[in-house]
Amino acid sequence: MIEKKRVLAVVPARGGSKGVPRKNVRNIAGKPLIAWTIEEAKKSAYIDRLILSSEDSEIIEVARTLGCEVPFIRPKHLAEDSTSGMDPVLHAINELPGYDFVLLLQPTSPLRTVKDIDFFLEKLIESGAPASVSVTIADKSPYWMYTLKHNEHLEPLLKQEQPYERRQDLPEVFVLNGAIYGAQINWLMRSKSFLDDKTTAFVMASERSYDIDTEEDFLFCEIMLNKTNDKLSSSNIISSTFTK
């Protein structure tokens, strides 16, 4: 609970991933991918209830083993390739009334930490906004992007009176990183989307903003997670040495 507001956190994980088959239960840096999200969310000082939304029996079993509640089995028509990302959230809200805020924590963002989650909630409550989404600074600027016309001539993606010639002069632009979505439930039930002109941005560091969509993403995140594990192990060894 935060500021007397009850928070429901939903981890959506369907079994039919195409880009990286069975990615939600695939081992990454020593544990199932979904474990990284569940374990960090369980540390939150503000989440009142953490649940999994899935139609897949193996994913459900793994989540329960990790201590994540599975209060229902998601209907299969809400687990298709064409299913909107909002549908499982709205379904969970309807199944579990009585909460003020909802968080969507996708398991494909394993580098997101509990500090990100709790700071996100603090900022959302402090802002008074109905919703917020996590973003990071884009590594490629749309001001230097083009489409190709039928004759293969370049057409600037963004119309500019004077094109930017130096990288240092480019405006900062941000992209959704997929790590955290949050909203007031009453507002979300009306808007049916986390994204609105009232939605605020929660800026996250680029090194914690990777979203697994391909095999390359999976391998890169595994490298990053292993590096984090190595740092923690080294820190624990040093701490143990000094306390003896």
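Helix α3 spans residues 87-95 of this predicted model, and Pro88, Val89, Leu90, His91, Ala92 and Ile93 are buried there. Buried here is under 20% relative accessible area, with exposed over 50% and partly exposed in between (1.4 Å probe, protein chains only); helices (H or I, at least four residues) and strands (E, at least two) are DSSP runs numbered from the N terminus. The buried part of α3 packs against β1 (7-12), β4 (49-53), β5 (101-104) and α5 (185-191). Histidine 91 belongs to this helix and counts as buried because its relative accessibility is 14%. Neighbours within four places in sequence aside, histidine 91 touches Phe72, Pro75 and Leu78, contact being heavy atoms within 4.5 Å.

On to the cysteines: cysteine 68 counts as buried at 3% relative accessibility, and cysteine 221 does so at 1%. Searching the whole structure turns up 0 disulfides, a disulfide being a pair of cysteine sulfur atoms within 2.5 Å.

A cavity is a set of points on a 1 Å grid over the protein atoms alone where a 1.4 Å probe fits but cannot get out, and lining residues have an atom within 4 Å of a point. The lining is made up of Arg14, Gly15, Ser17, Arg22, Lys23, Asn24, Val25 and Ile59.

Residues are numbered from 1 along each chain as its sequence is written. Local features need pLDDT of at least 70, side-chain atom pairs count only at pLDDT 80 or more, and totals for chains, interfaces and linings use all residues, while side-chain values use heavy atoms, leaving out hydrogens and water.

Methods
1 Å grid on protein atoms, 1.4 Å probe; cavity = no way out; pocket = protein on both sides within 12 Å on 5 of 7 lines; lining within 4 Å.
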